[in-house]
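I have opened a new page in my notebook, and you are welcome to read along. Here is what I looked up.

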Amino acid sequence: MRISLVSWFIFSLYIATFFCMAALSVSGQCQSHQQELLLGLKYSLVSSLSEKLGKWNQGTDCCSWDGITCDASGRVIGLDLSSQSISGEINSSNSLFRLQQLNLAHNSFISEFPSGFGNLTNLSYLKLSNAGFTGQIPVGISYLTKLVTLDLSVSPLFTPAFLKLEKPDLKLFVQNLTGLKNLYLDGINISANGKEWSQALSSSLPNLQVLSMRSCYLSGPISPSLVKLKSLSIIRLDLNKVSGPIPKFMAEFQNLTSLHLAGNNFSGRVPEEILQSPKLQTLDLSFNELLQGSFQNFPPNASLQSLVLSGTDFGGQLPESMGNLGQLTWIELAHCKFSGPIPKTLERLTQLTHLDFSYNNFSGPLPSFTSLRNLTELILLDNQLNGSILSTNWSSLPNLVSLGLGKNSFSGTVPPTLFQSESLKVLDLADNQFSGGFGEVKGELSSRLETIDLSHNGLQGQFPMFVFEIQGLRSLSLSWNQFSGFVPLSAFQKLNNLSYLDLSYNNLSIDSSFTNLPLPFVPLFPNVTYLNLASCNLTKFPEFVKNLSNLYYLDLSSNRIHGEIPSWIWKPRLVYLNLSLNFLVGFERPLLISPYMIELDLHCNQLQGKIPFFPLRALYLDYSNNNFSSVIPPEIDDFLQFAYFLSLSGNNIHGSIPESICNNSVLAVLDLSNNSLSGSIPQCLMTEMSMSLGVLNLKQNNLSGVISDTFPENCRLQTLDLNQNRLGGKVPKTLANCRMLEVLDLGNNHIDDTFPCHLNSTSELRVLVLRSNNFRGDVNCRGNNVAWPMLQIIDLASNSFTGKLPQGLLMTWKSMKANKVEPYAKQVRYELGDLYYQNSVTVTMKGLELELVKILTIFTTVDLSSNKFEGHIPEVIGDFKALYLLNLSNNALTGPVPSFLGNLPKLEALDLSKNHLAGQIPLQLENLNFLSFLNLSNNELTGMIPLGTQIQSFLEASFENNAGLCGRPLEVQCNSPPTSKDNPSNSGTGNRVNWNFVSVEIGFVSGIGAVILPLIFCKRWRIRYYKFTDGVVYKFFPKLDPRNRSCRTISHWTPGRRL
């Protein structure tokens, strides 16, 4: 409803007459006539929701009415109608000229900014923040020369209004407001650079004390002219684009108590003087990513009460002098680069209520927080803290509401007192190394605890049944632990508020064989929206899921569920469904797919027939490793308009790849591998799709033709796998445009080309497979400056490459030379936000082809076998300290077996067979402690196989067809053993002990005593040994792991849930 000009005229008349009468009235007494005028004002406004106006009535003195302020003579000098939900349009204000204070903030006028406010020349206080006015701020405001406080700020959280200072601009707007002390212009579009707004303020507002211009589209560095504002005590410039360093002169503001510069583009190092400013109480520099700094020493009795530096480049260690910040109540240092221990002196900060050190590199034990009785939030997520958390008496923190210690390395037991806190609502101990069980938690449990996250630990024992007594619980995550036992879901009946439940990946057996409890009953999990029961030994679909009408996330993967997918599983609000790694064979009809379904994972089942549907709004679809047999629909683009992940691999999909699939402009992962697709690869996959695709996997099909040479300049491919097809032609020249390429697998095709030296710009390349094609020529790449420093797997086997091994090219493979120990082996994978796609590659080891379903960055192989390479083995290979597999077999290499091969400490397989290598086997090979496969057969080696070394543990086949070679394990005996390296001074003419043989026997007997006997007689030792050795093998060759059931997980959500 809008207030008309007539209504506003009557309103103005009421106010004018009222003020005239007030001048003649008895001091402090409101005359009846002016009271009627105020009541007329009340009825002229749209104010049905106003509490203040609702209390205005004729029975009381108007000077006592809420929102009215009178002076000693009874004259109204103040009007406060803030937060009264008043709406309408104000067109004039010319009769409010006697007011000194006016507050219309937080209303809903939703109109152009009225110009009449300029007539209120007696105003010293004007607050119109979030009043609903829009458009240009009128010039009349700048005529209010008596103003001390001006607040025109706008917050998008409270009002959709948009204000701007354009005509007049900021300079003209403030030029007459010389008495202004408090200026609030937050959210107003000022659009000025640093020099403009700094000089505008410093030249006109010499007495300014409070400057608040958040989110005003300010830019550029702060001008030195701002130093003139000596009286500044509060500066708020958050959420702009102010850049450059923070000026040192800000430390010269002797009255500065609050400095807010968050969410800008500041860079450089923060002046230490600002951090040491004696009166500074609040400092917020957060979310300036390029802003650097560190803490030196804080003086005793420092004034800081709030310190917020999250999202900056601050780092270093926290000084012990942090304990001097005795008045500190709030500290946030999240997402920085701090390291080292957390100072024990923090226990002196007894006023502290909020501490957030998350996402840093803090290490060492957890200090005691027992003395911080005012603490409400303690967040230390994602650091490197370790040890026990028992240093703090958690029951002594009566106000603690949120405790976040997740993603660290804490160990030991979880204190039961955490579940008995009278204040705690959120408990996050996920992703640590806690162990042990809970047993019985004695005493009364918390009534306020709402969130418990103990996932990704080593907790064990029986399921903690006490959680069923925490009746206020809303979120419970116990996934990825070692809890065991039988859990009846009926026990959750008490948790009526539960909305999030994750019990996945334990050793639990879930009983879900009921629908509801006997009458009178309450439906099980009435409020659950997120349910994850993956790997819970389920054998059928839980019936109670039928009643979960609000369910949006359901994960029943990695169970033993057989049969058809029931039709009731497709909940109307279901967004995410994961039924992978089960034994499902089909779909119950009718299929009523949720219109909101965006993530669907059915991989690794036994689903067959035609693919029944593609959800219209799907972002993620994984139908891989089933028995689907159909063609890809020609109109597939109609179903996949929003999909960024599609995998149909491991089925019997036949026919051709429809070109319509290229109409999806957001697809990032396309995996159609291991099917029966035929025809050519659509050119648009290279021309158009490679601008969005990060992964294109078409291996193990029957595709033919050539690879289109149309990769665009902005190609984004990281993985291109075309292995095992019938592709011919050459390696496309434009593939060099894919500068982000990490995995290139063109093996087992009919490509007829020379070595792809033109890929010199793909410096991120980690895996290169050209095996079993028709490549020819040398691989020296002279003049192409080819450098692949990240290369870790190269397979050129079974081609017709010639010439010498490329010493220059080999020298650029820096990843082969790295010998660093990584505590957690990283993987070569394509990452897209929280999702990652798992790359795989096939390697040949011990004559067998094995698929690496996880490519670890520490795993390096070189396979140049079955070519026509000649000459000596290059010396640079001796620098490949990270090499695991080396295969140079079936070439024409000459010279000796190099002794520098003994310098490869991680080498596990060495194949130099079928060459022309000569000379003796170097003794240095005995240094290869991890060597499990050796083949030197079919060469021209001579001399004795070194005695008493690991080399003699290999079979005869490893050395056969070397005419001059002798000694065990060959049947050919040598005439005399090689000269002993031992000191000959002990030799005599009598019987001599051959210590080489003795050392072998001693080693054999010691091995029997230390290893074999415990394996025979100790069952526990035997189980542990087999688990360890199997684990080592499965780490590199997961496909051998029977637990994988021939299914390969190709994508994950990094927080731990698989998508």
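Which residue caps the N-terminal end of α5? I found Asn 193 there, with a side-chain oxygen 3.1 Å from the backbone nitrogen of Lys 195.

A note on what I am reading: this is a predicted model, where local features need pLDDT of at least 70 and side-chain atom pairs count only at pLDDT 80 or more, while totals for chains, interfaces and linings use all residues. Residues are numbered from 1 along each chain as its sequence is written, and side-chain values use heavy atoms, leaving out hydrogens and water.

Helix α5: I stayed with residues 194-204. Helices here are DSSP runs of H or I with at least four residues, and strands are runs of E with at least two, numbered from the N terminus. Among the buried residues of α5 are Trp 197, Ala 200 and Leu 201; buried means under 20% relative accessible area with a 1.4 Å probe, protein chains only. The cover over the buried residues of α5 includes α4 (170-174) and β9 (182-184).

Nonpolar cores: I took a core as buried Ala, Val, Leu, Ile, Met, Phe, Trp, Tyr and Cys residues joined through side-chain atoms within 4.5 Å. The largest has 268 residues, and Phe 755 is one of those touching the most other members. Apart from that core lies another, of 15 residues, including Val 743 and Phe 859.

Open sheet: I traced 4 strands in the order β46-β48-β50-β52, with parallel pairing. Strands pair if DSSP finds at least two bridges between them. At the edges I noted β46 (654-655) and β52 (726-728). In β48, Ser 676 is the bridge partner of His 654.

Methods:
Buried < 20%, exposed > 50% of the residue type's maximum accessible area, 1.4 Å probe, protein only. Contact = heavy atoms within 4.5 Å. Polar contact = N/O pair within 3.5 Å; in protein donor to acceptor, adjacent residues only side chain to side chain.
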